[in-house]
Amino acid sequence: MKSSFAGLAEAIRKADSILLTTHSGPDGDGLGSVAALARAMRNQGKTTFILLPDAPADRYAFLDPNGEFRVFPQHRAEAEARTWDLGLVVDTHQKTLLGGVDDWMKDSGIRTLYFDHHPLSPDFDGTEIYGDATAVATGCLVYKLLVDELGWKIDKEIAGSIYISISYDTNSFKYLRNDPDALAICADLIPYGVDTTWVYRSLFASNPLRKARVLGWVLSHMEFSEDGRLASVSIPHTVIDEFKVERDDLRDAVTNILEISGVEIAAVLKEMAVGEVRISLRSKGNFTINQVAAAMNGGGHALAAGCEFLGPLDAAWDDLRPRLTGVMADAPEPSGA
Ligand SMILES: [Mn+2]
């Protein structure tokens, strides 16, 4: 992963038309980063097109006031109506999270660059990847690219989108990893007119009622290892159906479980469709868990990762549980409580 963004900046400067995308189940960091980059590029007279692997959840509608988010493959013909000088994938480089958008870009002969803050995956077969795995959000990298490397002017909308990225990936500034960068960047952005209260309300205080209801189910069905350090919940498809749950509704459940005293690792297994289990893993900090996700063909950060399991819910847990207990057995006992 290239930590100097000079090559990325050069490619963007030279391109007149740029396609942007982020991971499936797009989140505040990916969408905020894409929105900020697209706006900054358009301010420079470039043509942009945002093509996502799937539709964002309703809570992100506020990030797209002009209806520029397009979905692949539904809007593929629209993208194919012209040629593109460059494709830019942000906030992921994991093929399984791109829903074929990356393949389509490559097949269309579009030079594709990646810009990410996830640790480099061993399966990644490209070379043009820029980023920094120590950054708390891709939004921090976008700021550095636009301001430090490209020297472009920030405006209120760009500032707002980057602030949304950072606010989202730090869970409203809870996960700063002792790094002052994110706060320093936000301190710079707010004077452009970012309404931080509105961002908080939009991202974290606009939950659909069904999200709270299904969280009630989740918290009543947790299971714990004997020592209480591993907490998990398996959500069958019948429950997903009953509560009319959408993927985004269950995103925070794993954090609610992790925040229980004594829990070191939390796992949420969601049977989104019969035989299709999405697994979210979080660690409080004493153990890394992304190697477990990677071993199950997923990936992510050291303390926040995920993967997919094809098969019954019970089989997913039987596969996952020994891997997690193994992680806790291998690592030295945490000091202090
Ligand atoms: Mn991110």
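Predicted model: local features only at pLDDT ≥ 70, side-chain atom pairs only at ≥ 80, totals over all residues.
Q: Let's begin with helices. What describes two packed helices?

A: A pair of packed helices is described by the angle between the axes and the distance separating those axes. Take α2, residues 28–43, and α5, residues 138–149: their axes come within 8 Å and cross at roughly 15°.

Q: Are α2 and α5 roughly parallel or roughly antiparallel to each other?

A: Angles under 35 degrees count as roughly parallel, and α2 and α5 are therefore roughly parallel to each other. Their crossing is right-handed. On the α2 side, the contact is made by Asp29, Ser33, Ala36, Leu37 and Ala40, and α5 brings Thr138, Gly139, Val142, Leu145 and Leu146. By class, the residues of this α2 and α5 contact are six nonpolar, three polar and one charged.

Q: At what angle do α2 and α6 pack?

A: The angle between α2 and α6 is about 160°, and their axes are 7 Å apart. Angles over 145 degrees count as roughly antiparallel, so α2 and α6 are roughly antiparallel to each other. The crossing of α2 and α6 is left-handed.

Q: Which residues make the contact of α2 with α6?

A: From α2 come Gly28, Asp29, Gly32, Ser33, Ala35, Ala36, Arg39, Ala40 and Asn43. From α6 come Glu157, Ile158, Ser161, Ile162, Ile164, Ser165, Tyr168 and Asp169. Sorted by class, the contact of α2 with α6 holds seven nonpolar, six polar and four charged residues. If you are colouring residues as you go, note that Asp29, Ser33, Ala36 and Ala40 of α2 take part here and also in the contact with α5.

Q: How do α6 and α7 pack?

A: Helix α6 spans residues 156–169 and helix α7 spans residues 181–189; they pack at about 155° with axes 10 Å apart. This pair, α6 and α7, is therefore roughly antiparallel, and its crossing is left-handed. Ala159, Ile162, Tyr163 and Ile166 of α6 meet Ala182, Ile185, Cys186 and Leu189 of α7. The class count for the contact of α6 with α7 is eight nonpolar, no polar and no charged residues.

Q: Now for the domains. What is often given as the size of an interface?

A: The usual figure is the accessible area lost when the parts come together. In this protein, the domain assignment gives domain 1 as 6–204 and domain 2 as 209–330. Their C-alpha centres lie 27 Å apart, and the contact takes 18 residues from domain 1 and 13 residues from domain 2. The area buried between domain 1 and domain 2 is about 1,100 Å², with carbon and sulfur atoms giving 37% of that area.

Q: Which residues in domain 1 lose the most area to domain 2?

A: They are Arg59, Gln94 and Pro119, which together account for 31% of what the domain 1 side buries.

How values were computed: Residues numbered from 1 in each chain as written. Heavy atoms only, no water. Axes fitted to C-alpha atoms, helices over the stretch in contact; angles between N-to-C directions. Helix = DSSP H or I, 4+ residues; strand = E, 2+ residues; numbered from the N terminus. Parallel < 35°, antiparallel > 145°, perpendicular 65-115°, else oblique. Left-handed = near helix turned anticlockwise from the far one by under 90°. Contact = heavy atoms within 4.5 Å. Nonpolar A, V, L, I, M, F, W, Y, C, P; charged D, E, K, R; others polar. Domains from an automatic or database assignment. Buried area = accessible area lost by both parts, 1.4 Å probe.
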